[in-house]
Amino acid sequence: MLQYILETSVYPRQPEVLKELRNITSNHPEAVMATAPDAGQLMGMLLNLVNAKKTIEVGVFTGYSLLLTALTIPEDGKVIAIDVDRGSYEEVGLPIIKKSGVEHKIDFRESEALPVLNELLNHKSNEGGFDFAFVDADKENYWNYHERLMRLIKVGGIIVYDNTLWGGTVAKPETSTSEWRRGGRKAMLELNQKLCADQRVQISHAVLGDGITICRRLY
Ligand SMILES: C[S@@+](CC[C@H](N)C(=O)[O-])C[C@H]1O[C@@H](n2cnc3c(N)ncnc32)[C@H](O)[C@@H]1O
Ligand SMILES: O=c1cc(-c2ccc(O)cc2)oc2c(O)c(O)ccc12
């Protein structure tokens, strides 16, 4: 089914520069971390649906979801893109982002994400100042990001969390989960429960890519 969806509905619509970025990223030892193209396609639609102009991205890697965002938001839009390590972004993503003519929309911050979000919250004008956020970084901190993003994203805005199915391990016993995946599994199990209980958001847990959870701020 996935192959069918990708070949029928995703790859033919994928902008050439995103295809190029994914191809080059495939040579990276951590290529598996790039956002899945079907999840990316839905993300593009969500960005359009909320007319996203100001966005936040937590976890850039080589920049697949970042380029997608920068291509989708308007000319005067801005994405604050946060990653602890700018290496993969600069080596792999940036040349293609420059070629695509969207670098001016990107405000890249090389940092742990929490201090950047905290600093944004130090300025009252940032509260409710963003339309959209995409979170795809250290799984253990997703709830910490959620608490901050819920203040930065406007009512009606959207936060998308990647990897909320964590390779399907969330639906299996811990004993059938490989050792290296157990930390992420625990983090995603806790996050999924907390998001479900969070009445401030409408949610949809979608089986796309590695699982994405879409949260729309209600109040
Ligand atoms: C899964 S990758 C992001 C993939 C990206 N969204 C894409 O489409 O290619 C996760 C990224 O999160 C970054 N990261 C991990 N912990 C972080 C933290 N505490 N703060 C900011 N970035 C972090 C890593 O350096 C890595 O580049
Ligand atoms: O295999 C991974 C690992 C990560 C990951 C691990 C630790 C961090 O601090 C950040 C990211 O992220 C992944 C990911 O987002 C994905 O879509 C597939 C695989 C992995």
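Mentor: A salt bridge is a side-chain nitrogen of Lys or Arg within 4 Å of a carboxyl oxygen of Asp or Glu. This is a predicted model, so local features need pLDDT of at least 70 and side-chain atom pairs count only at pLDDT 80 or more, while totals for chains, interfaces and linings use all residues. Residues are numbered from 1 along each chain as its sequence is written, chains are lettered from A and ligands numbered from 1 in the order in which they are written, and side-chain values use heavy atoms, with hydrogens and water left out.

Trainee: How many salt bridges does the rule give?

Mentor: The general idea is that side chains of opposite charge can pair when their charged atoms come close. Here the count is 13 salt bridges. One of them joins Asp107 to Arg109, at 2.9 Å from N to O.

Trainee: Which parts of the chain does the pair of Lys105 and Glu75 link?

Mentor: Lys105 and Glu75 form a salt bridge whose closest N and O atoms are 3.9 Å apart. Lys105 sits in the loop between helix H5 (87–99) and E3, and Glu75 in the loop between helix H4 (64–72) and strand E2 (78–83); the two are 30 residues apart. Helices (H or I, at least four residues) and strands (E, at least two) are DSSP runs, numbered from the N terminus.

Trainee: Is Lys105 buried or exposed?

Mentor: Buried means under 20% relative accessible area, exposed over 50%, and partly exposed in between (1.4 Å probe, protein chains only). Lys105 has 3% and is buried, whereas Glu75 has 57% and is exposed.

Trainee: Which residues of helix H2 are buried?

Mentor: In H2 (residues 16–25) they are Val17, Leu18, Leu21 and Thr25. Seen down the axis of H2, these buried residues fall within an arc of 100°, so they line one face of the helix. The arc is that of the directions from the helix axis to the C-beta atoms. Glu16 and Asn23 are exposed on the face turned away from the buried side.

Trainee: Which residues gather in the patch of negative charge?

Mentor: Patches are made of residues with over 30% relative accessible area and no salt bridge, like charges being joined within 9 Å and nonpolar side chains (Val, Leu, Ile, Met, Phe, Trp, Tyr) within 5 Å. On this surface, Glu30, Asp85, Glu91 and Glu110 form the negative patch. Glu110 lies in strand E3 (residues 106–110) and is partly exposed, at 42% relative accessible area.

Notes
Accessible areas come from the Shrake-Rupley method with a 1.4 Å probe; for residues, only the protein chains shown count as cover. Lys and Arg count as positive and Asp and Glu as negative; His and the chain ends are not counted. The place of a charge is taken as NZ of Lys, CZ of Arg, CG of Asp or CD of Glu.
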